[in-house]
Structures are given as C-alpha cells and as structure tokens.
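Dear colleague,

I am passing on the structure we spoke of, and I would be grateful if you could look through it alongside the notes that follow.

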Amino acid sequence: QVQLVESGGGSVQPGGSLRLSCAASGYTTSSSCMGWFFQAPGKEREGVASMVTGSGRTYYHASVKGRFTISQDRAKNALYLEIKNLKSEDTGMYYCAAVRTSPVDHCSEAFWRGSNNYWGQGTQVTVSS
C-alpha cells in the first residue's frame, strides 16, 4: 500500500522559511515523477513543483520560481520542499504527490493536472504576522 506522509508545516511569519517533508512508503521513488501541490483556502489545488526522480530534473510553477526548491533523498525515500521568503499568499495546504504509473522519465501534464496521482494527507502552512 502506497503512503505519502507530509510533515513540516506550521505557522510562520512573513519572510520566514519552511522545509516540508514527504516520506514515501510502499512506493519506489526512483524513476518516477513526484511533486508538491498547493491549495489555498477556497481555491483549487495546483501543482507548484515536481521532480523526475531518476534524473533529478525539476520543474516549478512560474509563481514560485526562486523561492521554492524541491529536492529528494533517495536513501530515505523522501521528497522535500523548501520555501523561502514566505508570503501570506503561501498560506494553505501542501500536498505531496507521486505518479501512479512508473517508471517514467518526465512529469506529464496529467501529473500537473493532478490526475492519476497518489496523494498524501497534506500539511498546513500558515503565514501570518
């Protein structure tokens, strides 16, 4: 059974940083596409960062480039998202996702649309002074 468990969320002041973690079990993270999705209150979930785990190639939504960094630790079967210079609009739930069909050598549009993914339960980030 595939499980993705996020952690690392919390309450942070504007300008602060956070590192979110996603621990994967029952899932082979090599040769896959994994990523992070963000859902602001009252809005739809959208992809913010992804990684082709085999090559390490990363992709970012234009709105987060320069502030978000996705990384992995294959030995730990873990995925991370570092967020710097947090803003109030970063408040919401962050979800870890992994493509169901692997191996893959790219992150497809389907992955970014959120279809055919495994999901974690999410971790809440609140940015407030």
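This is a predicted model: local features need pLDDT of at least 70, side-chain atom pairs count only at pLDDT 80 or more; totals for chains, interfaces and linings use all residues.

Overall fold

The protein chain contains 11 strands and one helix, and in order from the N terminus the elements read β-β-β-β-β-β-β-β-β-α-β-β. The radius of gyration is 14 Å, close to the 14 Å that the globule rule gives for 129 residues, so the chain is as compact as a globular protein of that length. Taken along the principal axes, the C-alpha atoms fill a box of roughly 45 × 25 × 25 Å. Among contacts in the chain with a separation of 6 or more, 58% are between residues 24 or more positions apart.

Of the 129 residues, 41% count as buried, while the accessible surface of the chain comes to about 6600 Å², with 45% of it belonging to carbon and sulfur atoms. As for charge, there are 12 positive and 9 negative side chains, and the centres of these two sets lie 3 Å apart.

In soluble globular proteins, nonpolar side chains tend to be buried together. In this model the largest nonpolar core has 34 residues, and those with the most contacts inside it are M34, W36, V48, L81 and Y94. At least two residues of this core come from each of β3 (18-25), β4 (33-39), β5 (46-52), β7 (68-73), β8 (78-83), β9 (92-99) and β11 (123-127), and β9 gives the most, with six residues.

Y94 deserves a look of its own: with residues up to four places away in sequence not counted, Y94 touches E6, L20, W36, F37, F38, F68, L81, I83, G122, T123 and V125.

A97 in β9

A97 is found in strand β9, and A97 counts as buried because its relative accessibility is 0%, where the cut-off is under 20%. Once neighbours within four places in sequence are left aside, the residues in contact with A97 are L4, C33, M34, G35, F37, F111, N117, Y118 and W119. W112, which is 15 residues from A97 along the chain, has its C-alpha atom 9.7 Å from that of A97.

To come back to S31, its phi is positive, at about 55°, although S31 is not a glycine, and with a relative accessible area of 32% S31 is partly exposed. N116, also a residue other than glycine, has a positive phi near 60°; N116 lies in the loop between α1 (109-113) and β10 (117-119), and N116 is partly exposed, with a relative accessible area of 41%.

G8 is placed in the loop between β1 (3-7) and β2 (10-12), and at 33% relative accessibility G8 counts as partly exposed. When residues up to four places away in sequence are not counted, G8 touches L18, R19, L20 and T123. G8 and V125 are 117 residues apart in sequence, yet their C-alpha atoms are 8.5 Å apart in space, and V125 is also one of the residues that Y94 touches.

With best regards

Technical notes: Residues are numbered from 1 along each chain as its sequence is written. Side-chain values use heavy atoms; hydrogens and water are left out. Helices (H or I, at least four residues) and strands (E, at least two) are DSSP runs, numbered from the N terminus. The radius of gyration is taken over C-alpha atoms; the globule rule is 2.2 Å times the number of residues to the power 0.38. Buried means under 20% relative accessible area, exposed over 50%, partly exposed in between (1.4 Å probe, protein chains only). Contact means heavy atoms within 4.5 Å. Accessible areas come from the Shrake-Rupley method with a 1.4 Å probe; for residues, only the protein chains shown count as cover. Lys and Arg count as positive and Asp and Glu as negative; His and the chain ends are not counted. The place of a charge is taken as NZ of Lys, CZ of Arg, CG of Asp or CD of Glu. A nonpolar core is a set of buried Ala, Val, Leu, Ile, Met, Phe, Trp, Tyr and Cys residues joined through side-chain atoms within 4.5 Å.
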